Amino acid sequence: MLIAREKRKSNVAEYILYMWQVEDMLRAMQMDIELVNRNVVSQFGGDDAARKEISDWYDNLIEMMRKEEVVKNMVNELTELHYHLLHNVQDMKYKQLFMMAANNLLDYRRKTNLPEEVSDVELALHALYGHLMLRLQKKEINSQTTMAMETFSRMLAYLALRYKEVEENEEMI
């Protein structure tokens with residue numbers, strides 16, 4: 001909860017990746033709040049009120065997952081900003097970062113068979129999440145994949161920075 005709150009404020013792309021990881025954990029526990037309390041919440045220090053707040057956060061997250069609303073809206077907002085930066089404001093830095101990632105995005109789309117409706121932003125997030133899972137499993141990752149992930153990471157880091165600017169100014173750039 002605290003990590004999610006901090007990531008949400010500082011970098012929306014990292015927040016989305018973190019929340020996907022939390023969602024996977026909750027699915028592994030069959031979205032059963034009792035299992036979550038026993039295996040996750042009980043590990044947190046602090047008083048009963050703090051553990052109750054954490055438990056409530058996970059319980060609310062489980063409910064949102066059932067409605068499939070957890071991070072989808074943020075992915076959609078990032079996608080809108082992506083199009084806005086490319087087409088409306090002609091952000092040259094972002095255009096350059098996107099162009100560096102474009103061929104890698106095409107390659108990844110072909111390999112994964114994700115539907116065409118999946119935006120380039122969501123595709124890059126999926127790729128980085130998959131890369132994170134491979135790293136956590138200590139799987140070997142070839143240098144070409146690592147270089148592709150770096151292009152996605154740079155593109156999303158800049159997009160997250162611009163997203164934060166928009167949020168702080170409460171207006172579209």
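Axes are lines fitted to C-alpha atoms, for helices over the stretch in contact, and angles run from 0 to 180 degrees between N-to-C directions. This is a predicted model, in which local features need pLDDT of at least 70 and side-chain atom pairs count only at pLDDT 80 or more, while totals for chains, interfaces and linings use all residues. Residues are numbered from 1 along each chain as its sequence is written, and side-chain values use heavy atoms, with hydrogens and water left out.

**Exercise 1.** Describe the secondary structure and the overall dimensions of the protein chain.

*Solution.* Step 1: helices (H or I, at least four residues) and strands (E, at least two) are DSSP runs, numbered from the N terminus. Step 2: the protein chain has eight helices and zero strands, and its elements, read from the N terminus, follow the order α-α-α-α-α-α-α-α. Step 3: the C-alpha trace spans about 50 × 40 × 25 Å along its principal axes. Step 4: of the 173 residues, 39% are buried (buried means under 20% relative accessible area, exposed over 50%, partly exposed in between, with a 1.4 Å probe and protein chains only).

**Exercise 2.** Determine how H6 and H7 are placed relative to each other.

*Solution.* Step 1: two packed helices are described by the angle between their axes and the distance between the axes. Step 2: the axes of H6 and H7 come within 9 Å and cross at roughly 70°. Step 3: angles under 35 degrees count as roughly parallel, over 145 as roughly antiparallel, 65 to 115 as roughly perpendicular and the rest as oblique. H6 and H7 are therefore roughly perpendicular to each other. Step 4: their crossing is left-handed (the near helix is turned anticlockwise from the far one by less than a right angle; clockwise would be right-handed). Step 5: contact means heavy atoms within 4.5 Å. Residues of H6 including Tyr 94, Phe 98 and Leu 105 meet residues of H7 including Val 121, Leu 123 and Ala 124. The residues of this contact comprise eight nonpolar, two polar and two charged (Ala, Val, Leu, Ile, Met, Phe, Trp, Tyr, Cys and Pro count as nonpolar, Asp, Glu, Lys and Arg as charged, and the others, Gly among them, as polar).

**Exercise 3.** Determine how H7 and H8 pack.

*Solution.* Step 1: the axes of H7 and H8 lie 10 Å apart, at an angle of about 125°. Step 2: H7 and H8 are therefore oblique to each other. Step 3: the crossing of H7 with H8 is left-handed. Step 4: among the residues in contact are Leu 125 and Leu 128 of H7 and Met 149 and Phe 152 of H8. The contact of H7 with H8 has 10 nonpolar residues, four polar and one charged.

**Exercise 4.** Which kinds of aromatic pair do Trp 20 with Tyr 129 and Tyr 94 with Tyr 158 form?

*Solution.* Step 1: rings of Phe, Tyr and Trp (its six-membered ring) pair if their centres lie within 6.5 Å; planes under 30 degrees apart count as stacked, over 60 as edge-to-face and the rest as tilted. Step 2: three aromatic pairs are found in the whole structure. Step 3: the ring centres of Trp 20 and Tyr 129 are 5.9 Å apart and the planes stand at 85°, so this pair is edge-to-face. The pair joins helix H2 (residues 12-28) to helix H7 (residues 120-136), its members being 109 residues apart. Both Trp 20 and Tyr 129 are buried. Step 4: the ring centres of Tyr 94 and Tyr 158 are 6.1 Å apart with planes at 20°, so this pair is stacked. Tyr 94 and Tyr 158 are both buried.
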